[in-house]
Amino acid sequence: MQNGNVKGVAAPVEAPAAAESGMAFTCTIPASPTVQQDDDTLRITRWDFEPGAVTGWHSHGWPYFVVMLVAGTLRIHDGTKTTDVPLAQGQAYMRPAGIQHDVMNGSDHPIAFVEIEVKRPGALAELSLP
Ligand code: NI
């Protein structure tokens, strides 16, 4: 599954558009989601990936954050091309809602991240401790 990219450099890789199939990557090992919280304001999901595992083609209805629990390479498919993104343990990023993608573990070891989807950003300011 490695494509020879220099570590630390995100580079597009030629890949056929496969959005029609419902999953951009042809790999069929599913990543494993564990929902930790799901309410009116947030959905927090831990995702575990064996090497080569994929989320499947999807988009998010809300903006979201991803926090890596271990270092690893996320191979992102946008329907046209793939990009390898090496990330450090603890590294985080945010994405807006509505971008379609498929995510594969491009590492040679299991990885996991926590994904925090923010359904009502304004509601966060109003939260109080239960
Ligand atoms: Ni996603």
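Two residues count as in contact if their C-beta atoms, placed from the backbone, lie within 7 Å. This is a predicted model, where local features need pLDDT of at least 70, side-chain atom pairs count only at pLDDT 80 or more, and totals for chains, interfaces and linings use all residues. Residues are numbered from 1 along each chain as its sequence is written.

Q: Which residues does Pro51 touch, not counting residues up to four places away in sequence?
A: With that contact rule in hand, Pro51 touches Asn105, Ser107, Asp108, His109 and Pro110. Pro51 itself lies in the loop between β3 and β4 (64-68).

Q: Why is Pro51 called partly exposed?
A: A residue is buried if 20 or more other C-beta atoms lie within 10 Å of its own, exposed if 12 or fewer, and partly exposed in between, with C-beta atoms placed from the backbone. Pro51 has 15 other C-beta atoms within 10 Å, so Pro51 is partly exposed.

Q: What makes up the largest nonpolar core?
A: A nonpolar core is a set of buried Ala, Val, Leu, Ile, Met, Phe, Trp, Tyr and Cys residues joined through C-beta atoms within 7 Å. Here the largest one has ten residues: Ala24, Phe25, Phe49, Ala53, Val54, Leu74, Val103, Met104, Ile111 and Phe113. β8 (102-105) and β9 (111-118) each supply at least two residues of this core. As for Phe49, leaving aside neighbours within four places in sequence, Phe49 is in contact with Ala31, Asn105, Pro110, Ile111 and Ala112.

Q: Why are β5 (residues 72-77) and β8 said to pair?
A: Strands (E, at least two residues) and helices (H or I, at least four) are DSSP runs, numbered from the N terminus. Two strands pair if DSSP finds at least two bridges between them. Four bridges join β5 to β8, so these antiparallel strands pair. Arg75 stands opposite Met104 in β8.

Q: What makes β2 and β7 edge strands?
A: The open sheet of five strands has the order β2-β3-β9-β4-β7, with antiparallel pairing. β2 (32-38) and β7 (92-95) each pair on one side only. The partner of β2 is β3 (residues 42-49), joined in the antiparallel sense over six bridges, and Val35 stands opposite Thr45 in β3.

Q: How confident is the predictor in the protein chain, by its average pLDDT?
A: pLDDT is the predictor's confidence in each residue, from 0 to 100. The protein chain averages 86, and 82% of the residues score at least 70. Over residues 1-20, though, the pLDDT is below 50.
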